[in-house]
Amino acid sequence: MTRISLTVDGTAYEDEVEPRLLLVHYLRDRLGLTGTPVGCDTTNCGTCTIDLDGDSVKSCTVLAVQADGCEVTTIQGLATDAEWDPLQTAFHQQHALQCGYCTPGMIMAARDLLKENPDPTPDEIRHGLEGNLCRCTGYQNIVRAVLAAAAEERRRRAPAPDAATEAATPKAPAGREAPV
């Protein structure tokens, strides 16, 4: 047995694990974080994608002992204060899932993609998610969801207009459209 110490979704854990235990099984079986599915156990499907020290990885390719000292974020750790992450919201609003099995991995991989490229094209999204398989949706709504989440993130990061700028902006009279 090997002693490990890691932080998962903001909570610190110390544990004894067998050196051959995969991180996906540690998350699910030891910590009860079943939001990260086990798909193929061969790195082909991407359903088990998580964030490990800021990078998305397929947790079926990482041993729990390799995560010693690391910060792990799972799909369950994205929501804060009972509010979904913009990607979770976008997947819901854009109907970017059918059976939902691939969804956690898609969201985690898309999160990594948007970190690197906050304004991707549809082709860049398809390329960025090509390591994650969906057998139900045809990917169109997944691409739409990632585009919507990217737009929401950009909106959230945009500086709020200051009061002087807002006051100087001409307003249309009530009941009339502003000229375009």
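Modeller: Let's begin with Arg154, which is partly exposed, at a relative accessible area of 33%. Buried means under 20% relative accessible area, exposed over 50%, and partly exposed lies in between, with a 1.4 Å probe and protein chains only. This is a predicted model, in which local features need pLDDT of at least 70, side-chain atom pairs count only at pLDDT 80 or more, and totals for chains, interfaces and linings use all residues. Residues are numbered from 1 along each chain as its sequence is written, and side-chain values use heavy atoms, leaving out hydrogens and water.

Biologist: Where is the place of Arg154, and which residues does Arg154 touch, not counting residues up to four places away in sequence?

Modeller: Contact means heavy atoms within 4.5 Å. Helices (H or I, at least four residues) and strands (E, at least two) are DSSP runs, numbered from the N terminus. Arg154 sits in helix H5, residues 140–157. Leaving aside residues up to four places away in sequence, Arg154 touches Pro118 and Asp119. Pro118 is 36 residues from Arg154 in sequence, yet their C-alpha atoms are 7.5 Å apart in space.

Biologist: At what angle do H3 and H5 pack?

Modeller: Axes are lines fitted to C-alpha atoms, for helices over the stretch in contact, and angles run from 0 to 180 degrees between N-to-C directions. H3 and H5 pack at about 45°, with their axes 11 Å apart, which makes H3 oblique to H5. Angles under 35 degrees count as roughly parallel, over 145 as roughly antiparallel, 65 to 115 as roughly perpendicular, and the rest as oblique.

Biologist: Which residues of H3 and H5 meet?

Modeller: From H3 come Met106, Ala110, Leu113 and Leu114, and they meet Ile142, Val146, Ala149 and Ala150 in H5. By class, this contact has eight nonpolar, no polar and no charged residues. Ala, Val, Leu, Ile, Met, Phe, Trp, Tyr, Cys and Pro count as nonpolar, Asp, Glu, Lys and Arg as charged, and the others, Gly among them, as polar.

Biologist: And how many nonpolar, polar and charged residues are in the contact of H2 with H3?

Modeller: Leu87, Gln88 and Phe91 in H2 meet Thr103, Met106, Ile107, Ala110, Arg111 and Leu114 in H3. That contact has six nonpolar, two polar and one charged residues. H2 (residues 86–93) and H3 (residues 103–116) pack at about 125°, with axes 10 Å apart, so H2 is oblique to H3.

Biologist: How many helices and strands does the protein have?

Modeller: There are six helices and five strands, running β-β-α-β-β-β-α-α-α-α-α from the N terminus. Of the 180 residues, 36% count as buried.
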